[in-house]
Structures are given as C-alpha cells and as structure tokens.
Amino acid sequence: MDSPPLTSSSGGVPAEASAAGAAAGVGAGVHQAGNDAMRWVEPDILAELEAELDGPELALGFARDYASLWDQRFSRLAAAVHTEDRPIALDAVISLRIASTMVGGIRLSVLAQALEDAIRRSDFVQGQALLATLAEHGVRTVSELQANYILKKRLTLQ
C-alpha cells in the first residue's frame, strides 16, 4: 500500500505548528463530503488494506489488535519520552506512526511524525508537550475504528 509521505515540510521543526494544527483539525484531517466533521479513520485506507490482504478477515484482525494495543503502545511511548530514552521512544513512535497509517489513522500518524521529529532532535520538552494531544488523537482514532470498522465488519463477516 502506498502511504502518504509523513515527513516534515518545515525542515524538521514542525512540532508546535503541527500539534496545534492537528489538535484543531487543520491540515491533518480530511473533510467528509458535505460535512464539516473530521474523520479520525480513513475508510479508503482500510479498504486498500483488505485488498492487499486478499479479504477483510486479516485486516479486521489487524484493526482489532491495533485498538486493543493502544493503551499499551501509548504508555510505552509516554514513559520513554518522560525518561528521555531516545531509542525506545523512537521505536515506539515509529511503530505507532506506521500502524496508525495502516489502519487509516492519518491524523494520528501525522501527529506521531511531529513527535518523532522532536525525539530525533532530542527535544523531549516538545515531545512531552505533544503527548496530551497524541493521547486524545489516539483515543478518538481507536473509538472511530471500533465503531465504524471493527463492529461493522464483524457483523458483516458473521
């Protein structure tokens, strides 16, 4: 699956602007046609994942695992950022960014990229500032993934 580039467009210093924009839903989300509500999960990306995996069963399993691991994944990342453990923080944020992209959580993925950029600069003050927004985006992404994909897909596969 081709995913959108998640690199910083401002030379590696996007954290404040990206976090503020992402928190406000500016530039990091996609408007639904005729609706001002912002999507937390892009269904087209999940459809691509299903196609790549030759059906919905494996994609559904991946989405369920993603949702069930959110708290553990975020806790590991937050602990590493708070203790300024750069290697573990990078591993955790990259894992979060890639998995979020795969389930269509583009807004969360963009914010994770901003956090990754801060960690790469060893800017843990900025990294800690991004954690609250990341947590909110993660909870909303998981909630939408569960309501609009996992539950619906589970019903159609039964």
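Biologist: Fine, this is a predicted model. At roughly what angle do the axes of α3 and α5 cross, and within what distance do they come?
Modeller: The two axes cross at roughly 20° and come within 13 Å.

Biologist: Why is α3 called roughly parallel to α5?
Modeller: Angles under 35 degrees count as roughly parallel. The α3 and α5 axes cross at roughly 20°, so α3 is roughly parallel to α5. The crossing itself is left-handed.

Biologist: Which residues in α3 and α5 meet?
Modeller: From α3 you get Tyr66, Trp70, Leu77 and Val81, and they meet Leu108, Leu115 and Ile119 in α5.

Biologist: What makes a set of residues a nonpolar core, and how many residues has the largest one here?
Modeller: The members must be buried, come from a list that includes Leu and Ile, and be joined through side-chain atoms within 4.5 Å. The largest such core has 35 residues, and Leu77, Ile119, Leu134 and Leu145 have the most contacts inside it. Elements giving two or more residues are α2, α3, α4, α5 and α6, with α3 giving the most, 11 residues.

Biologist: What does Ile119 touch, leaving out residues up to four places away in sequence?
Modeller: Leu77, Val81, Arg86, Ala89, Leu90, Val93 and Phe124.

Biologist: And what share of the chain is called buried?
Modeller: Buried means under 20% relative accessible area, and 45% of the 158 residues are buried.

Biologist: How many helices and strands are there, and in what order?
Modeller: There are 6 helices and 2 strands, running α-β-β-α-α-α-α-α from the N terminus.

Technical notes. Residues are numbered from 1 along each chain as its sequence is written. This is a predicted model: local features need pLDDT of at least 70, side-chain atom pairs count only at pLDDT 80 or more; totals for chains, interfaces and linings use all residues. Side-chain values use heavy atoms; hydrogens and water are left out. Buried means under 20% relative accessible area, exposed over 50%, partly exposed in between (1.4 Å probe, protein chains only). Helices (H or I, at least four residues) and strands (E, at least two) are DSSP runs, numbered from the N terminus. Contact means heavy atoms within 4.5 Å. Axes are lines fitted to C-alpha atoms, for helices over the stretch in contact, and angles run from 0 to 180 degrees between N-to-C directions. Angles under 35 degrees count as roughly parallel, over 145 as roughly antiparallel, 65 to 115 as roughly perpendicular and the rest as oblique. A crossing is left-handed if the near helix is turned anticlockwise from the far one by less than a right angle, and right-handed if clockwise.
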